[in-house]
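Good morning, colleagues. Please take a moment to look at the sequence and the structure, and I shall then take you through a few of the contacts.

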Amino acid sequence: MTTPTKFRVGICGGGIGGLCLAVALSRYRDIHVDVYEAAERFKEIGAGVMIWAKTWRTLELLGLDIDASKVAHAPADPGIGFDFRRSDQPREGFRFYLSQMQSLNGHDLAKDALRFHRADFLDVFVNNLPSGVAHFQKRVVSYTQDVADGQIHLRFSDDSMATCDVLVGCDGIKSLVRAQMLQQMAENGHPELLDLVQPTFSGIIAYRGLIPAEKMPKDEQGHLHRVVEFPTMYCGKSKHLVGYSISRGSIVNVAAFASQPEKEGTAFDGEWVTEVPKEELLDCYADWEPEVTSLLECIDHPTRWAIHQLKELPNYVNGRVALLGDAAHAMTPFQGAGAGQAIDDAFILAELLGHSRTTKETLASALKAYEHIRLPMATHVLQGSRNSGRMYEFNGPHGEEYDVLGPAIQKQWDWIHASTPEEDAERAIAWMESNLDLENVVQ
């Protein structure tokens, strides 16, 4: 017997956040889901993804943990987060802090800092996506909301059309859905929102590269480079780099950052991502400790990324349109939290949309409950990521005072253990139900 559809959800963008939402909503047979992806297939750019304990719990709740564990790489010591070293000198550097990961309500510590190749991680969601949900080469160029019935009409770049009852913009840092949503809100009395439409340059350049584990250098005793087994943060003044293994230890992911804080918020002239000569990368870290230079020597084809971010948004929702993931809170990568925050968004939104009290008539309350819970949480992580990057490069309030800097860096991850996904969902549902009850009393 066919289950009647209570409403239709259109998802703009097939990255990690969009596909996670689609998979999460597929648990509800009365919600029709369509994913509109601009490309010819699902794909991710970038290399490494880190998932912390709270997000792993979300994957467990969605039944994705078994598939994810097949492509995950866990730390050699489950209690270790990152090994922080002072490295901007030609002689051997030194450790100034070793971050420790805590268990999430008795959660297995081995799942507290899992590392993935981004493409492998995306495939976890692709492989759990029901058939008929994905629509490729469908780039959304505009949408309109019908005032009479709330229906949303989508127009694509090929001039085709589609309709939905809820539109979720999962279309990344350059989100068209965000741009149109904020522009419409600006026209309706909030002109200050126009300043939030476009992402801004963080003042930070990143060099990225992947190294096959067998190419990694060994020390005089024949030991493999530190980053093969332990995620390591090499820190210097206004620069730092991180290295850790992915793809079950077969590949090492390296990201090297160089900051010019005075350029934060300025216009960036040029391509956001481009290939560069190896010499440019080596010159940037000349006179750093040998462990760093030997690592960078192994990157044959580095790419250079201009790191952009969003200003903090006051809204993720307008009518029946919502933003999720980077479209809502694109952040710097310094807490390895971008993918995890998108997954947390998707879980809460799916829990609300799938709730028995959510109907076509009550969609607005469900979306506002999503915003009420996720906006302050994601904004906190966005701010914390920016501050963490400054700390790694001794530009934060603690400077080079290692005794206080180390614990301060550790505290930046407190959000991971502040609540569980179940608790967040319960708070969101309680807020929605309270609003619905109040509306019923008023009526």
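With which residue does Asp165 form a salt bridge? The partner is Arg320, and the closest N and O atoms of the two are 4.0 Å apart. Before I go further, please note that this is a predicted model.

Let me place that pair in the chain.

In general terms, side chains of opposite charge can pair when their charged atoms come close. Asp88 pairs with Arg86, with 2.7 Å between the closest N and O atoms. Here Arg86 is buried, with a relative accessible area of 9%, whereas Asp88, at 24%, counts as partly exposed. The other is the salt bridge between the side chains of Lys411 and Asp414, at 3.2 Å from N to O. Lys411 is exposed, its relative accessible area being 56%, and Asp414 counts as partly exposed at 35%. There is also a network: Asp83, Arg85, Arg95, Arg226, Glu289 and Glu291 are joined by salt bridges that share partners.

I turn now to the helices. Two packed helices are described by the angle between their axes and the distance between the axes. Which angle do we find for helix α1 and helix α9? Helix α1, residues 16–25, packs with helix α9, residues 338–353, at an angle of about 30°, and the axes are 8 Å apart. Angles under 35 degrees count as roughly parallel, so α1 and α9 fall into that class. The crossing of α1 past α9 is right-handed. On the α1 side, the contact involves Ile16, Gly17, Cys20, Leu21, Ala24 and Leu25. These meet Ala339, Ala342, Ile343, Ala346, Leu349, Ala350 and Leu353 in α9. By class, the residues of this contact are twelve nonpolar, one polar and no charged.

Helix α1 also packs with helix α4, residues 118–126; their axes come within 9 Å and cross at roughly 25°. These two helices are therefore roughly parallel to each other as well, but α1 passes α4 in a left-handed crossing. From α1, the contact uses Ile16, Leu19, Cys20 and Val23, and from α4 it uses Arg118, Phe121, Leu122, Phe125 and Val126. The contact of α1 with α4 has eight nonpolar residues, no polar ones and one charged.

My last point concerns Arg374, which lies in helix α10, residues 363–392. Is Arg374 buried or exposed? With a relative accessibility of 2%, Arg374 counts as buried. Leaving aside residues up to four places away in sequence, Arg374 touches Tyr316, Gln341, Asp344, Asp345 and Ile348.

Thank you for your attention.

Note on methods:
Residues numbered from 1 in each chain as written. Predicted model: local features only at pLDDT ≥ 70, side-chain atom pairs only at ≥ 80, totals over all residues. Heavy atoms only, no water. Helix = DSSP H or I, 4+ residues; strand = E, 2+ residues; numbered from the N terminus. Buried < 20%, exposed > 50% of the residue type's maximum accessible area, 1.4 Å probe, protein only. Contact = heavy atoms within 4.5 Å. Axes fitted to C-alpha atoms, helices over the stretch in contact; angles between N-to-C directions. Parallel < 35°, antiparallel > 145°, perpendicular 65-115°, else oblique. Left-handed = near helix turned anticlockwise from the far one by under 90°. Nonpolar A, V, L, I, M, F, W, Y, C, P; charged D, E, K, R; others polar.
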